[in-house]
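Good morning, and thank you for coming.

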Amino acid sequence: MTRTREHRTADLQLRAADAITRFAGSMWFVYLHIVVFAGWMMFAEISPWPSLTLVVSLEAIFLSTFVMIGQNRAAAFQQAKADHDFAEQEIELKTNTELTREIHRLTTELHRRVVDDAWN
């Protein structure tokens, strides 16, 4: 298990936010709302609009918060990945530079020996 996944599963709040975000981003969430709101408007109240508007507004507030939590977590993950990739690229660049310098040194040495042998 990756370190990020271990961190997320260790924190109850992050697990809850992940579960809610996963459900709120599914079609089952949409279907549930169609059924609940249709039932509410048809059977629950004589004048459902004020109460329904309140419920939907409160739900939108909470859902937008969960969306922002998800976006913040995704941004943190992407930043960690970018930092890791940058560090790896810097190491690779340093290694390639060292190899290029060593190849140049060896080529120069070989050339010097061949030229010296040709003159002797």
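Let me begin with glutamate 109, which is partly exposed, its relative accessible area being 24%. Please bear in mind throughout that this is a predicted model.

Which residue forms a salt bridge with glutamate 109 at 2.4 Å between the closest N and O atoms? That partner is arginine 112. Arginine 112 has a relative accessibility of 41% and so falls in the partly exposed class, since that class runs between under 20% for buried and over 50% for exposed. Within helix H4, glutamate 109 and arginine 112 are three residues apart, and about one helical turn separates them.

Glutamate 109 has a further salt bridge, with the side chain of arginine 113, at an N to O distance of 2.9 Å. Here the spacing in helix H4 is four residues, again given as about one helical turn. Taken together, Glu109, Arg112 and Arg113 make up a network of salt bridges.

I move now to another pair in helix H4. Lysine 81 and aspartate 85 join their side chains in a salt bridge, with 3.0 Å from N to O. Both residues belong to helix H4, which spans residues 49-119, and they sit four residues apart, about one turn of the helix.

For the overall tally, a search across the whole structure returns four salt bridges. Those I have described include Lys81 with Asp85, Glu109 with Arg112, and Glu109 with Arg113.

Finally, the histidine. Histidine 33 is located in helix H3, residues 27-44. Is histidine 33 buried or exposed? Its relative accessibility is 16%, and because the buried class covers values under 20%, histidine 33 counts as buried. Which residues does histidine 33 touch, once its neighbours within four places in sequence are set aside? The contacts are with Ala38 and Glu59.

Glu109 is linked with Arg112 and Arg113 in a salt-bridge network, and histidine 33, in helix H3, is buried. Thank you; I welcome your comments.

Key:
Residues numbered from 1 in each chain as written. Predicted model: local features only at pLDDT ≥ 70, side-chain atom pairs only at ≥ 80, totals over all residues. Heavy atoms only, no water. Helix = DSSP H or I, 4+ residues; strand = E, 2+ residues; numbered from the N terminus. Buried < 20%, exposed > 50% of the residue type's maximum accessible area, 1.4 Å probe, protein only. Contact = heavy atoms within 4.5 Å.
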